[in-house]
Amino acid sequence: TQTTRPQRMLAAVQKNATRGDPRSVVKAIDQFCRQKEWAMNVGDEKGCILDSVVTEVNPATVLELGTYCGYSTVRIASLLPSNAKLITLEFNPDYAAIARQVIAWAGLEDKVQLVEGASGDWIPKMKEKFGIETFDLVFLDHWKDRYLPDTKLMEECGLLRKGSILLADNVICPGTPDYLEYIRNSPRYKSQYFKSHLEYTKVEDGLEKSVFLG
Ligand SMILES: CNc1ncnc2c1ncn2[C@@H]1O[C@H](/C=C/CNC(=O)c2cc(-c3ccc(F)cc3)cc(O)c2O)[C@@H](O)[C@H]1O
Ligand SMILES: [Mg+2]
């Protein structure tokens, strides 16, 4: 029976990466996507921008929307201080199962809480279920038409504090026009665009970094 692309990606990690070495997991996935099959990971070029934002923010609490196979989960978690908590939401059970194994191969399961479910259902439960007051950093990389509604939901649920950072992937390709329009014109955010390229291609894409002003 035919394997799926995420299954083939996991096999490449287990074949080429060293257990407990997050950098080797990231490298194995990037090599797989460049040499074998493209996949919608944030990738190495935008991944370096992600790394620099995570390092700068040095967050104690992180929310990732859209785990997929766990590539950006591993990049972020590998840079977190020991007491930090990364919660990542993924509603596709097949992707969640692959991501758990990728995160485990990297040895980062203690830093990551992968929640299988939809952002719209789980964002309102973050305080009661996980004891989260606010998120220091949110990485948006799920369905592009959900960035704006979920950002408004996080505001309504009081999950953002003065200084919380939102980092959004794909604001050019595939694009998130309604989110960009809102976040760049809202007096409650200060935004900055990091020009880059769509993962593993020469197509323009970029990350939008926004600070919540309270
Ligand atoms: C809506 N609430 C949700 N709650 C929990 N998980 C959710 C979710 N929405 C989506 N997801 C999950 O996030 C992931 C979805 C990501 C959507 N990403 C994209 O469509 C995407 C697409 C491209 C892309 C770019 C160019 C192109 F030609 C083809 C694709 C590049 C990217 O970097 C992308 O992130 C999946 O794992 C999905 O199951
Ligand atoms: Mg993306």
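Two strands are said to pair if DSSP finds at least two bridges between them. In this predicted model, strand 4 and strand 5 run parallel and are joined by four bridges, and Leu140 stands opposite Ala168 in strand 5. Strands of a sheet pair through backbone hydrogen bonds, and the pairing may be either parallel or antiparallel.

These two strands belong to an open sheet of seven strands, whose order is 3-2-1-4-5-7-6 and whose pairing is mixed. Strand 3 and strand 6 (189-197) form the edges, since each of them pairs on one side only. On average, and with direction ignored, neighbouring strands of the sheet are turned by 15° against each other. Helix 5 packs on the sheet, where it touches strand 2 (85-90) and strand 3, and the direction of helix 5 makes about 170° with that of strand 3.

| Donor residue | Donor atom | Range of distances for the donors |
|---|---|---|
| Asp141 | OD | 2.0 to 2.2 Å |
| Asp169 | OD | 2.0 to 2.2 Å |
| Asn170 | OD1 | 2.0 to 2.2 Å |

Asp141 lies in the loop between strand 4 and helix 8 (147-156), while Asp169 lies in the loop between strand 5 and helix 9 (171-175), so that the pair links distant parts of the chain, 28 residues apart. Both Asp141 and Asp169 are buried.

The largest nonpolar core has 43 residues, and those with the most contacts inside it are Met9, Val25, Ile29, Val74 and Ile76. Among the elements that each supply at least two residues of this core are helix 1 (5-16), helix 5 (93-105), strand 4 (137-140) and strand 5 (165-168). Apart from it lies another core, of 28 residues, including Trp122, Leu148, Ala168 and Phe212.

Note on methods:
Residues are numbered from 1 along each chain as its sequence is written. Chains are lettered from A and ligands numbered from 1 in the order in which they are written. This is a predicted model: local features need pLDDT of at least 70, side-chain atom pairs count only at pLDDT 80 or more; totals for chains, interfaces and linings use all residues. Side-chain values use heavy atoms; hydrogens and water are left out. A nonpolar core is a set of buried Ala, Val, Leu, Ile, Met, Phe, Trp, Tyr and Cys residues joined through side-chain atoms within 4.5 Å. Buried means under 20% relative accessible area, exposed over 50%, partly exposed in between (1.4 Å probe, protein chains only). Donors are N, O and S atoms within 2.8 Å of the metal (3.2 Å for Na, K and Ca); water is not among the atoms, so sites may look incomplete. Axes are lines fitted to C-alpha atoms, for helices over the stretch in contact, and angles run from 0 to 180 degrees between N-to-C directions. Contact means heavy atoms within 4.5 Å.
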